[in-house]
Amino acid sequence: MSSLSAITQRPTNVRNRVSAEEWELRVKLAAAYRLAALLRWTDHIYTHFSARVPGPDEHFLINAFGLLFDEISASNLVKVDVDGTIIDDPLGLGINQAGYVIHSAIHRARPDLKAVLHTHTRDGAAVSAQRDGLLPISQHALAYYSRVAYHDYEGVALDLDEQQRLVANLGDSNILILSNHGLLTGGISVEHAFRELHGLERACNIQIAAQAGGNEQLLHAPQAAIAKVHEQSKRFSDGKGEGIQRHWDALIRQLEREGRDYQE
């Protein structure tokens, strides 16, 4: 099958050949892709969202290489193991090596992070290119400022030997700015990882807008406020607060006004 034929072909619904838990995860991950498209967080067919498949195997779901985010559905996600073996590829498109390198490294090293979301947005990449990274200049930024990890740019993530340094830099955080590259968040669920990314993207939008007036005009929050917001943000940063689900539910209502074919 040619790649064009695969992309335009509607895959057979895989619901009957996966567990109920996996199907639920597939629907949520597909929704995350569609929401990213709706929010204009995409970089054409590049960047990736992934989620660990429930069960004893180290399998995760990721997008098929060549699909736009608004083409992702529950049935066309690819299942792969942390060693790169394709388990299920409904369209036969395979996956992007750079996505595999980053996402498999984190899924292997951090089983607590069930979902990993990575973007190359304009403002996220712009902040990643700044020497001081995310600045404590907005309420949005303060929710992340004390827990952001950074990973130096090493080129396109195609080399497996970068994985060790990537996870070492991530440490026990779930927020990573990949310098000269983009943003990454992890979570105990798709909903949690998306909530983290939503706020982080907004913090970067605000920073780039604020810098238009010149860095000498920026007002940094006082250290006491930084510490206070760090404590206050714990009610959603661990992924367990009811606000995570309310945030996700509101996003799904927004998405479903555009249609529900992501669930197919």
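Biologist: What radius of gyration does the chain have, next to that of a compact globule with 264 residues?
Modeller: In this predicted model the chain has 18 Å, which agrees with the value near 18 Å for a compact globule of 264 residues, where the radius is taken over C-alpha atoms and the globule rule is 2.2 Å times the number of residues to the power 0.38.

Biologist: And what does the C-alpha trace span along its principal axes?
Modeller: The C-alpha trace spans about 55 × 40 × 35 Å.

Biologist: How much of the chain counts as buried?
Modeller: Of the 264 residues, 52% count as buried, meaning under 20% relative accessible area with a 1.4 Å probe, protein chains only.

Biologist: Switching topic, how many helices and strands are there?
Modeller: The chain has ten helices and eight strands, which are DSSP runs (H or I, at least four residues, for helices; E, at least two, for strands) numbered from the N terminus.

Biologist: How do α7 and α10 cross?
Modeller: The axes of α7 (residues 190-210) and α10 (residues 242-256) come within 9 Å and cross at roughly 80°, with axes fitted to C-alpha atoms over the stretch in contact and angles running from 0 to 180 degrees between N-to-C directions. The two helices are therefore roughly perpendicular to each other, a label for angles of 65 to 115 degrees.

Biologist: Which residues make that contact?
Modeller: V190, E191, H192, F194, R195 and H198 of α7 meet I244, Q245, H247, W248 and L251 of α10, contact being heavy atoms within 4.5 Å.

Conventions: Residues numbered from 1 in each chain as written. Predicted model: local features only at pLDDT ≥ 70, side-chain atom pairs only at ≥ 80, totals over all residues. Heavy atoms only, no water. Parallel < 35°, antiparallel > 145°, perpendicular 65-115°, else oblique. Buried < 20%, exposed > 50% of the residue type's maximum accessible area, 1.4 Å probe, protein only.
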